Amino acid sequence: MADILAENLSGKAVMGSDGTELGMLYNITMNLKSGALADLLVEQTEETNQIDLDFPTDDHGRYRIPVGHVQAVKDYIVIDR
């Protein structure tokens, strides 16, 4: 995968590999000791609230999606569900 600047990801739509829109990227967490990316924080949309996803949420209701689930980053961030 080509290098992508984090500033280009802000506000990008997140979609499941099945074509379901999951929400908008809010932020990315990382391990401060290793520098490894950890989770995508994805804000739910009105449509997403209707979908049952198997990802945990943070205190603000944002999905915490492990970066290992990212399949592609283009017009959307595509997540393996």
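Trainee: Why is D39 called buried?

Mentor: This is a predicted model, and all values are computed from it. D39 has 14% relative accessibility. Buried means under 20%. The value of 14% falls under that cut-off, so D39 counts as buried.

Trainee: Where is D39 found, and what is it in contact with?

Mentor: D39 is found in strand β3. Leaving aside neighbours within four places in sequence, its contacts include N27, I28 and T29. R64, I65, P66 and V67 are also in contact with D39.

Trainee: What makes the D39 and R64 side chains a polar contact?

Mentor: Their distance is 3.0 Å. The cut-off is a pair of N or O atoms within 3.5 Å, one able to donate a hydrogen and the other to accept it. The 3.0 Å pair is therefore counted as a polar contact.

Trainee: How do you know that β3 and β4 pair?

Mentor: Pairing needs at least two bridges. β3 and β4 (residues 63-66) have four, in the antiparallel sense. So they pair. V42 stands opposite Y63 in β4, and L40 stands opposite I65.

Trainee: What about β2 and β3?

Mentor: β2 (residues 21-30) and β3 (residues 37-43) pair in the antiparallel sense over five bridges. M30 stands opposite L37.

Trainee: Why are β4 and β5 called edge strands?

Mentor: The open sheet has six strands, in the order β4-β3-β2-β1-β6-β5, with mixed pairing. β4 and β5 (70-73) each pair on one side only, and are the edge strands. The twist averages 40° from one strand to the next.

Definitions and conventions. Residues are numbered from 1 along each chain as its sequence is written. This is a predicted model: local features need pLDDT of at least 70, side-chain atom pairs count only at pLDDT 80 or more; totals for chains, interfaces and linings use all residues. Side-chain values use heavy atoms; hydrogens and water are left out. Helices (H or I, at least four residues) and strands (E, at least two) are DSSP runs, numbered from the N terminus. Buried means under 20% relative accessible area, exposed over 50%, partly exposed in between (1.4 Å probe, protein chains only). Contact means heavy atoms within 4.5 Å. Axes are lines fitted to C-alpha atoms, for helices over the stretch in contact, and angles run from 0 to 180 degrees between N-to-C directions.
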